[in-house]
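This report describes a single chain from a predicted model.

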Amino acid sequence: ARLQAAGAQVDLIGEKNARLDGYRADALLSIHADSCIDLSGFKAARALASDQPLTEDKYLRCVYQEYGRASGLSQHLTTVTHDMTQYYAFNRIDRRTPAVILELGFLGGDRSVLTGQQDRLAWGISNAILCFLRD
């Protein structure tokens, strides 16, 4: 609702939805929660073989800055995986769509934040997207 109030058109698309094929947008953010292991922190990544690395790096900076600030979670960069940088949706969307995958936190160590502070996390997500769109 906050993004729409700022004038953005928002599409919520399920992870395996056929609408991702050739999807074109000003930004795509794929939102996930990490595994149930007892770690804490969040991480984000773009496609390793990006057609627009500078643009997507700006998007990542906005995600790390704004989501990090709002969530209060630290960055957990050592657990960015091949599955994130090679996320299948990156290869399904239109190559001109800047895209980032965000792991909101770990279900093991961050469960209370992920389940009890969702408004705060949503605020951080919307701030990150608005930051990128304004740039």
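## Burial and surface

Of the 135 residues in the chain, 46% are buried. The chain exposes about 7400 Å², of which carbon and sulfur atoms supply 51%.

## Fold and dimensions

The predicted model contains 5 helices and 3 strands, which follow one another from the N terminus in the order α-β-β-α-α-β-α-α. The radius of gyration is 14 Å, close to the 14 Å that the globule rule gives for 135 residues, so the chain is as compact as a globular protein of that length.

Along its principal axes the C-alpha trace spans about 35 × 35 × 30 Å. When contacts between residues at least 6 apart in sequence are considered, 80% of them join residues at least 24 apart.

## Nonpolar cores

The largest nonpolar core comprises 23 residues, and those with the most contacts inside it are Leu29, Val63, Tyr67 and Leu102. At least two residues of this core come from each of helix H2 (53-71), strand S3 (99-106), helix H4 (111-116) and helix H5 (118-134), with H5 giving the most, 7 residues. Apart from this core lies another, of 13 residues, which includes Leu20, Met84, Tyr87 and Ala99.

Conventions. Residues numbered from 1 in each chain as written. Predicted model: local features only at pLDDT ≥ 70, side-chain atom pairs only at ≥ 80, totals over all residues. Heavy atoms only, no water. Helix = DSSP H or I, 4+ residues; strand = E, 2+ residues; numbered from the N terminus. Rg over C-alpha atoms; globule rule 2.2 N^0.38 Å. Buried < 20%, exposed > 50% of the residue type's maximum accessible area, 1.4 Å probe, protein only. Contact = heavy atoms within 4.5 Å. Areas by Shrake-Rupley, 256 points an atom, 1.4 Å probe, with all protein chains shown as cover. Core = buried A, V, L, I, M, F, W, Y, C linked by side-chain atoms within 4.5 Å.
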